[in-house]
Amino acid sequence: MKEDQFRTQYKKAVDTMSASREMKQGLEGKMEQRRRPRKMVYIAASVLVAAGIGLAGPSVMKQLGGTGSPNQVAQVDPGTPAAGNAAGVVIPKIELPDKSSGAVADMIGLVVYQGNIYTQAAIRMEAADAAALRGEKLGRTTSGIDEWSGKDAYTELASNIGETDIYAVKGYDSGFLVMSYTEVDGQVFAELFEHTNGITVHSGADLIGKLNLDGRIASAQWESFDSWNNGKQQYLPLPEGAALDGFLNALMTAKPLSADPLMEQGIYDQDDRKLVYLQLADKTRVELTLFGQGLVRYSNAPVFFEVEPGAFKALWSSMEP
């Protein structure tokens, strides 16, 4: 879908929801501020941005794989940094900011379900494919969260996406992934939300394993950092076979590393990155970012995975123009 089409449909969907006037203005303002449409479409309404408590600076932008542009969307306020130890990497539970702290928050899409905050997922899905993925209805959101909400707004099915139905997603654990789904004049507006906070990650399986990749990859592509960084969208086929299979198997057992130390060391200052796109049988698309030093990251969860060097190098070396 083109950006102008997305804008039109998005505004139409928002107008049909029972969101506050302030929320509509905030979302529409974000649409106008985007400098990188391809990336921003997917994280359009994203998260609760901490702008006033030191979390919206360059290091936060780097977590998104960006370059720290002031117009880019920032990371959720995770409360406290993820911490790594012998028991794994602990990703703190996201909490809404305490208004008394003086934090200035900006909004992007989130839903509270079963006491956890689900944020807009890194898994991509075309609206036309949403109905086939729609599972059991889980409830209907309220629109109680806005830029000025405090922790008292953290109630079941509260959201900042207006009033819409929330469903399980076929093939996925609803403790990880849920879907908003609305039809307006025959058009479908759907979004995936994932729960990647308040968990302890011991290996790749604890996060990436929730994507159920095994046996479901329909096709694979990759993109160079130069292409991604400059919006060229130069996708190249990534043949299925031993290299990809070995990499994915190794990823499930990969060692998790807390993101913060790597950020501080400037991991995003380097250009030796490649993007891997996995098209799954259910027509969703998973994006993985590979870093030349043998690390992999999925989504905005503050954790990297250190993949067994042989398996990583085999795949990395296969991705040459």
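I'll start with a polar contact: the backbone oxygen of W316 lies 3.1 Å from a polar atom of the K274 side chain. Keep in mind that this is a predicted model.

The side chain of K274 also reaches the backbone oxygen of M319, at 2.9 Å. Where is K274 found? K274 is in strand β15, which covers residues 273-280. Is K274 buried or exposed? The relative accessible area of K274 is 10%, so K274 counts as buried, the cut-off being under 20%.

What is K274 in contact with, once we leave aside its neighbours within four places in sequence? The list is W222, E223, L288, T289, L290, W316, M319 and E320. W316 and M319 are the residues whose backbone oxygens I mentioned with K274.

Next, a pair of helices. Two packed helices are described by the angle between their axes and the distance between the axes. Here the pair is α7, residues 242-252, and α9, residues 309-318. They pack at an angle of about 140°, and their axes are 8 Å apart. That angle makes α7 oblique to α9, because roughly antiparallel would need an angle over 145 degrees. In passing α9, α7 makes a left-handed crossing.

Which residues make the contact between α7 and α9? From α7 there are A243, L244, G246, F247 and A250. From α9 there are A311, F312, A314 and L315. Sorted by class, this contact has eight nonpolar residues, one polar residue and no charged residues.

Conventions
Residues numbered from 1 in each chain as written. Predicted model: local features only at pLDDT ≥ 70, side-chain atom pairs only at ≥ 80, totals over all residues. Heavy atoms only, no water. Axes fitted to C-alpha atoms, helices over the stretch in contact; angles between N-to-C directions. Helix = DSSP H or I, 4+ residues; strand = E, 2+ residues; numbered from the N terminus. Parallel < 35°, antiparallel > 145°, perpendicular 65-115°, else oblique. Left-handed = near helix turned anticlockwise from the far one by under 90°. Contact = heavy atoms within 4.5 Å. Nonpolar A, V, L, I, M, F, W, Y, C, P; charged D, E, K, R; others polar. Buried < 20%, exposed > 50% of the residue type's maximum accessible area, 1.4 Å probe, protein only. Polar contact = N/O pair within 3.5 Å; in protein donor to acceptor, adjacent residues only side chain to side chain.
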